[in-house]
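Here is a short briefing for a first look at a protein chain. Take a moment with the sequence and the model before reading on.

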Amino acid sequence: MAEMGSKGVTAGKIASNVQKKLTRAQEKVLQKLGKADETKDEQFEQCVQNFNKQLTEGTRLQKDLRTYLASVKAMHEASKKLNECLQEMYEPDWPGRDEANKIAENNDLLWLDYHQKLVDQALLTMDTYLGQFPDIKSRIAKRGRKLVDYDSARHHYESLQTAKKKDEAKIAKAEEELIKAQKVFEEMNVDLQEELPSLWNSRVGFYVNTFQSIAGLEENFHKEMSKLNQNLNDVLVSLEKQHGSNTFTVKAQPRKKTKLLSRLLRKKNSDNAPAKGNKSPSPPPDGSPAATPEIRVNHEPEPPSSATAGASLPKSPSQLRKGPPVPPPPKHTPSKEVKQEQILSLFDDTFVPEISVTTPSQSSLPAVVVETFSATVNGTVEGGSGAGRLDLPPGFMFKVQAQHDYVATDTDELQLKAGDVVLVIPFQNPEEQDEGWLMGVKESDWNQHKELEKCRGVFPENFTERVQ
């Protein structure tokens with residue numbers, strides 16, 4: 001019988017709850033259709049909006065704080081591994097080994113203490129703050145349901161009073177239900193009306209305390225960490241003083257590509273020296289002027305003559321070609337006789353200018369040809385890159401300053417001292433530029449000579465720092 005009674009009570013409660021849900025749903029439909037009035041409380045609605053905003057802000061703050069703590073933990077692990085690496089590399093006979101190990105231990109303890117204090121003074125407080133929101137949110141929802149019940153009871157009581165045939169018994173029962181529904185609603189409403197504004201105002205003090213705690217803990221952490229880092233720096237400085245001869249030095253990147261300027265300089269030097277087994281040309285018997293050397297700009301150079309057979313020339317694919325000799329350029333103005341493709345061929349990897357000895361009848365303008373070639377290399381021929389400013393080399397791009405000494409290892413490289421200022425200019429042939437190397441002229445040399453041919457050269461970029 002007890003079991004049947006229990007089942008009956010349960011069934012009756014379920015039926016009552018179902019009936020309440022149906023009544024509330026019907027009331028909400030009528031209110032939305034405008035067939036039933038709805039009790040409004042604008043002040044309370046504003047409190048609910050503030051509550052939802054406060055909950056959103058608190059949830060975001062909690063999420064970001066957890067992310068911050070995860071980052072602190074990750075930094076702790078990274079710092080620990082870095083110190084372990086130093087301990088493993090620190091050889092037993094090096095001075096300061098015990099001090100370095102002690103610093104690593106203190107570093108680990110400092111990170112642990114910082115993380116734990118953040119949890120205690122920020123995260124746990126944050127969790128407590130947000131812990132009150134679910135209950136209040138549930139009570140707000142329940143108040144909304146009780147308000148619908150109150151409106152439904154009020155409408156039912158009013159409909160019975162306005163009916164043509166009044167049933168006093170039903171009216172009395174409806175009035176009793178209305179008073180009961182109103183009492184339940186007002187009790188919940190009064191409590192929330194007091195709590196919500198108070199909760200909203202508490203956010204300011206909570207945010208202040210939370211961020212003050214984080215800022216203070218981080219400040220103290222960095223102060224203590226700074227002391228440990230300074231101690232470690234002192235230990236390493238002491239180690240460096242005793243092993244200073246093995247200090248790490250900056251190295252330039254290796255050069256792999258062909259160096260056009262270096263080849264030209266070496267060829268010029270080899271041509272100026274007389275070849276073995278050859279004699280200087282003697283004046284012709286008729287008393288005419290001695291033969292004048294001439295630089296001939298050709299697409300394909302002639303086979304080596306007897307005057308250059310003994311010279312040490314760089315190997316070039318163009319020297320292996322066979323074909324008829326190309327006649328010297330006509331006796332016209334050099335800027336007209338040298339075609340654009342001939343100028344461009346100066347910068348091909350396969351090009352090597354030839355020097356041959358000719359008679360006066362072959363050419364009477366060797367100096368002009370040489371001058372034209374020099375102007376072409378400097379980028380000042382018509383259609384070239386332009387002369388640029390008078391006080392700067394043609395094609396000037398920017399300035400750099402040497403941070404380390406660099407000893408040149410080839411004839412086309414600049415010798416640098418720390419502090420030297422270099423004016424950077426472009427390569428005539430971009431394909432000649434090696435990775436990590438720049439072309440330039442030292443500012444002091446340029447101010448003194450104003451000649452790129454004598455002063456320019458390549459240098460490693462990582463030995464310098466841009467200053468302009």
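Is Arg-456 buried or exposed? Arg-456 is buried, with a relative accessible area of 9%. Buried means under 20% relative accessible area, exposed means over 50%, and partly exposed lies in between (1.4 Å probe, protein chains only).

This is a predicted model: local features need pLDDT of at least 70, side-chain atom pairs count only at pLDDT 80 or more, and totals for chains, interfaces and linings use all residues. Residues are numbered from 1 along each chain as its sequence is written, and side-chain values use heavy atoms, with hydrogens and water left out.

**The chain overall**

- The chain has 11 helices and seven strands. Both are DSSP runs numbered from the N terminus: helices are H or I with at least four residues, strands are E with at least two.
- Of the 468 residues in the chain, 33% are buried.
- The accessible surface of the chain is about 30,200 Å². Carbon and sulfur atoms hold 54% of that surface. Areas come from the Shrake-Rupley method with a 1.4 Å probe; for residues, only the protein chains shown count as cover.
- Among contacts in the chain with a separation of 6 or more, 76% involve residues 24 or more positions apart. A contact means heavy atoms within 4.5 Å.

**Salt bridges**

- The chain's salt bridges number 12. Each is a side-chain nitrogen of Lys or Arg within 4 Å of a carboxyl oxygen of Asp or Glu.
- Side chains of opposite charge can pair when their charged atoms come close.
- Arg-139 and Glu-195 form one of these bridges, at 2.7 Å from N to O. Arg-139 sits in helix 4 (residues 133-161) and Glu-195 in helix 5 (residues 168-242), so the pair ties together parts that are 56 residues apart in sequence.
- Both partners are partly exposed: Arg-139 has a relative accessible area of 22%, and Glu-195 has 30%.
- Lys-399 pairs with Glu-443, with the closest N and O atoms 2.8 Å apart. This bridge links distant parts of the chain, 44 residues apart: Lys-399 is in strand 3 (residues 398-402) and Glu-443 is in helix 10 (residues 443-449).
- Lys-399 is buried at 16% relative accessible area, whereas Glu-443 is partly exposed at 22%.
- Glu-453 and Arg-456 also meet in a salt bridge, at 3.3 Å from N to O. Glu-453 is partly exposed, at 37%, while Arg-456 is buried, at 9%.
- Asp-135, Arg-139 and Glu-195 belong to one network, joined by salt bridges that share partners.

- Five strands make an open sheet in the order 6-5-4-3-7, with antiparallel pairing. Two strands pair if DSSP finds at least two bridges between them.
- Strand 6 (457-460) and strand 7 (464-466) stand at the edges. Each has a single partner strand, so one side of each is left without a neighbour in the sheet.
- The twist averages 50° from one strand to the next. Axes are lines fitted to C-alpha atoms, for helices over the stretch in contact, and angles run from 0 to 180 degrees between N-to-C directions.
- Strand 5 (residues 437-442) and strand 6 run antiparallel and are joined by four bridges. Gly-440 has Gly-457 in strand 6 as its bridge partner.

**A loop residue with positive phi**

- Most residues other than glycine have a negative phi.
- Lys-450 is not a glycine, yet its phi is positive, near 60°.
- Lys-450 lies in the loop between helix 10 and helix 11 (452-455). Lys-450 is partly exposed, with a relative accessible area of 39%.
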